[in-house]
Amino acid sequence: MVIAELVIMRHGESLANVAYQAAIAAGRAETGLTGPDAEVDLSPQGRQEAAGVGSWLAALPAGRRPQVVRCSPYRRAWRTWQIAADASGVSLPEAVIDDRLTDRLMGELSLMRSVEVDQRFPAERDRRRAAGPYHYQPPGGESYAHMHDRIAALVADLHVHYPGQRVLAVAHNAVILLVRMIADGLTWTDVAELARRQPLGNASVSRFEAITSGLRTTTWNQPTGQRPDA
């Protein structure tokens, strides 16, 4: 038995998203961000987006609403769910934190843009180039390959514990891309090109339908301002 479907929602716009875009627009390497990545909160726009997710949830037919909710422990993801659930006005399952849904752990390079790392830590730039983006592991952090393993373990556990049920997860860009990689048997090159061509929007949803062999993508990067798929 497998789950009926897995819907993954990206968190609303965060203060880090705002800082990164501001740094890019100003031509600065540094974002000015400090503190643990896990504690980065939503921006005002992100809170509005989360409320919009609530409207999207309310518009789902009763037979399409999630029966199980799993959430990243990061503040921006947890707040997205809290706001969305409150704004929906419908009965929803209580969300359970799952550490395997965390964003990629960057260790000593947390909250830094790649260009900042290249300028401040040229040895890490060289290590990344030598290992390749998929296998590079920041100091104290994890590679995408390591992240792939924890996401694959999570998906396998969902199949075991929630067969036939509709599962919703609130997580991060990298998590969603790796689920797509697992579901559709893509290479990392495929995923990187997909991310370049169609960046995942904040508060977007992607749906993965269960098949005998696992999952397959049926909806990708849908803005929650749109009507849910029939």
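A residue is called buried when its relative accessible area is under 20%, exposed when this area is over 50%, and partly exposed in between, with a 1.4 Å probe and protein chains only. The structure described here is a predicted model, in which local features need pLDDT of at least 70 and side-chain atom pairs count only at pLDDT 80 or more, while totals for chains, interfaces and linings use all residues. Residues are numbered from 1 along each chain as its sequence is written, and side-chain values use heavy atoms, with hydrogens and water left out.

Side chains of opposite charge can pair when their charged atoms come close. A salt bridge is counted where a side-chain nitrogen of Lys or Arg lies within 4 Å of a carboxyl oxygen of Asp or Glu, and a search of the whole structure gives 14 salt bridges. One of them joins Glu5 to Arg207, with the closest N and O atoms 2.3 Å apart. This pair links distant parts of the chain, since Glu5 belongs to strand S1 (residues 5-10) and Arg207 to strand S5, 202 residues apart; strands (E, at least two residues) and helices (H or I, at least four) are DSSP runs, numbered from the N terminus. Both Glu5 and Arg207 are buried.

Another salt bridge is formed by the side chains of Arg100 and Asp98, at 3.1 Å from N to O. In this pair Arg100 counts as partly exposed, at 25% relative accessibility, whereas Asp98 is buried, with a relative accessible area of 10%. Arg125 and Asp126 also form a salt bridge, their closest N and O atoms being 3.2 Å apart. Here Arg125 counts as partly exposed because its relative accessibility is 23%, and Asp126 is likewise partly exposed, with a value of 42%.

Helices H1 (15-26), H4 (114-120), H7 (173-184) and H8 (188-197) are the elements that give two or more residues to the lining, and the largest share, 6 residues, comes from H1. The lining divides into 21 nonpolar, 9 polar and 8 charged residues, with Ala, Val, Leu, Ile, Met, Phe, Trp, Tyr, Cys and Pro counted as nonpolar, Asp, Glu, Lys and Arg as charged, and the others, Gly among them, as polar.

Strand S5 (residues 204-211) runs antiparallel to S6 and is joined to it by 7 bridges; two strands pair if DSSP finds at least two bridges between them. These strands form a hairpin with 2 residues between them, and Ile211 has Gly214 in S6 as its bridge partner. Within S6 (residues 214-223) lies Asn221, which has a positive phi of about 60 degrees although it is not a glycine, and which is buried at 12% relative accessible area. Leu111, in the loop between strand S3 (96-97) and H4, is also not a glycine and has a positive phi of about 65 degrees; with 8% relative accessibility, Leu111 counts as buried.
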